[in-house]
Structures are given as C-alpha cells and as structure tokens.
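I wanted to know what the pockets of this model look like and what lines them. My entries follow the structure.

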Amino acid sequence: MALSDFVSQLDQLIADAKNAFEEVGDIASLEETRVEFLGAKNGRLKAAQKLMGTVDKADKPTAGKKFNEVKQTIEAAFQSKKELLGDPAAAKKSGATFDPTLPGVKFRLGRLHPITQTIEELKDIMGRLGFSVADGPEIEDDWHNFEALNIPHEHPARDPLDNFYLGTANANTGGDKPLLLRSQTSTVQIRVMESTPPPIRIISLGRVYRPDTADATHYPMFHQMEGLLIDRSVTMADLKSVLRLFAVSYLGGDVSIRFRPSFFPFTEPSVEADYFWNDTWVEFGGAGMVDPNVLRAVGYDPEEVTGFAFGLGVERLCMRRHGITDIREFYKNDVRFLEQF
Ligand code: PHE
C-alpha cells in the first residue's frame, strides 16, 4: 500500500473518531464508541495498524509515526469525553445526567419592610401591656382630625400649609367640612371613644401626612403609634409607667423616661416624653392626660373617667434601634437597604 493512501485512510479515521466522540452523550454510548475505534480486537485503529504492514518498507518509519499520532489523538478524544461525562458540572450542561450533589438554585426570599416589622413588634409589646389594636381611615374629616380634638377653627394647626387638604375646601371656614389626609393618629382616639364606652385601652398604628420637605429626619408621610387609655382614676404616673415599660421592651436594658412640659390642644397637662438610651436623651413623642373637652366631645363624663394618650413616631423608633440616620432610606425601595432587616 502506498504511503499516501495509508495517510489519507488515517486522516479519515481521525475525522470519524472525533465526530463520533463528539456526539457521545452518555457513558453507554461512550463505551460503544471506544470499542468501535479503540477496541483491542476489532477496533478500527487495530485494523489500521494491520494495514501498516502493507506499506513499503522504506515508508514504514513515516507510517509508524503517523499511526502513533492518530492513536494518541483518538485516545485523547476518548479521555476528554470520559472526563466530561464524569464531571457533574459538564454533565449538567449536556443534560446527560442528573447530579443530586450539586448545590441548588438560590432563592431570593422577600421579607417585610422594616417599618412593617417595627409595627408588628410594637403591637406585640403593647399587646402584652393589655392594649388592643384599633384602626382608622387615612382620609379624615374636620371633626376627627381637629374639632373633637379640641382644635378650634382659628387654631394654627389647621393651616393649609401644614396639612394635605383634599379638594379646594378652605380649612378655616369650617362650613364646608373639608377632608384631609390625617396629620396625626389622634383621630383614632375620637373614633374609638365615639363607638365604645369606657374603659378603653388601645393603640393605633398607621400613616400620617404633613407637607414637610423631605430631609434626613422629615418625610411628608410617616407612621405614628397612638396610645389611649381611659378608665377611672388614671394618672400621669400610669402614663409614665406604660411609656417606660414600652421603651424597656423595645430598646432593651434599663431605659429611663423624662417628661418635659408641652402643649397639645387635646391633652391637659401635655408633655414631651424623652427616653434615655445609649447615654443620650432622645425624643419619644407627645403625650398627656386627655383634655376634658375631648372626653365631652365623645360623650364621656370627665367627672367619671380620665385617661392618658400618647403619640410616637414609628420611623424614629426604628431608626434609633437600627442606627439608621436618614428616614428617606425607608422609602427609596432600594433592596440593598431593605434586605438588611
Ligand atoms: N398627635 C400628637 C402629634 O402628632 C402627639 C400626641 C398624641 C400628643 C397624643 C399627645 C397625645 O404630635
């Protein structure tokens, strides 16, 4: 046999073998293909080796060299396919096998917003102090947001610059009873007392709206926790105890409370409550003894019952607890921020 014929047969053999190993998709057909080409008895490489005997003597060294190259190439094709099928990651790619030891696909779990989490926790703490949860609408009328809370018509708290009035109604005329986005959760005090006889022990958590320019500590929408307790002979001492127990539960450790004199139309006396935590006094919120005018507005007898009320900023509590320094972070909906909670 002429050397050139032998070489072209070998080239054909290499091409066939490469194709065949390429197409192999599982261990069983890999073995079949191995036998076809590399089989010791009837493999095509073996046949080629036999043919080499017929090549002219002078060309034998060249033919032998070529044969060895071909043998190595085919064996390499077999080896690399074998590794590929044996390697789980490669096997997955070809869809050939299923490897149960592979790590699973990671789920991205959703979670509650930090403010929602805080609200749930506050409900839990206050629930243990015997307060149940009441709710009220975010769109309020003049009566619940102002009038019944002892905020008369000429009071500056009604200023259109400080409230989100809905429609064109003028807040100060009173005649056309404007609607507005509630500016405080104290509205819920009125709603609860109107519909329930004393004693009362509720909290109400929800959104309030004020036209403030957003900065690190202000946002035109934020959340408050309102508390209201009405019973016979309730005193400021009860208010202080409740706020202190609340602060101890939420912030942990021995938190002290102090009252500073303040003014709210719906409480008398009124205070600003602060708590002492991490070596500083921090503003808690407003509080006080429910004004007799408010009790009368809802049909209670101020000679029979008294009570206290308080209103705390939820964002502020959450920020303190987690060391958040900018309230706007809560409402950017940046997952990198939110997923930390
Ligand atoms: N409503 C008051 C505010 O928004 C807080 C407050 C609630 C004060 C209850 C006294 C009693 O600032």
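**Pocket linings**

I began with the make-up of the lining of the largest pocket: by class, 20 residues are nonpolar, 16 polar and nine charged. The model is a predicted one.

I then looked up the volume of the largest pocket, which is about 1100 Å³. In total 45 residues line the largest pocket, and those closest to its centre are Arg210, Phe222, Gln224, Gly313 and Arg316.

Which element gives the most to the lining of the largest pocket? I found S9 in that place, with six residues.

I moved on to the second largest pocket and noted a volume of about 290 Å³. Its lining has 19 residues, of which Ile115, Thr116, Ile119, Arg207 and His223 are the closest to the centre. Helix H6 (114–128), strand S5 (200–209) and S6 are the elements that give two or more residues to the lining of the second largest pocket. I noted H6 as the source of the largest share, five residues. By class, I recorded eight nonpolar, five polar and six charged residues in the lining of the second largest pocket.

Last, I compared the two lists of elements.

How values were computed. Residues numbered from 1 in each chain as written. Predicted model: local features only at pLDDT ≥ 70, side-chain atom pairs only at ≥ 80, totals over all residues. Heavy atoms only, no water. 1 Å grid on protein atoms, 1.4 Å probe; cavity = no way out; pocket = protein on both sides within 12 Å on 5 of 7 lines; lining within 4 Å. Points joined across faces, edges and corners; volume = space filled by probe spheres on them. Helix = DSSP H or I, 4+ residues; strand = E, 2+ residues; numbered from the N terminus. Nonpolar A, V, L, I, M, F, W, Y, C, P; charged D, E, K, R; others polar.
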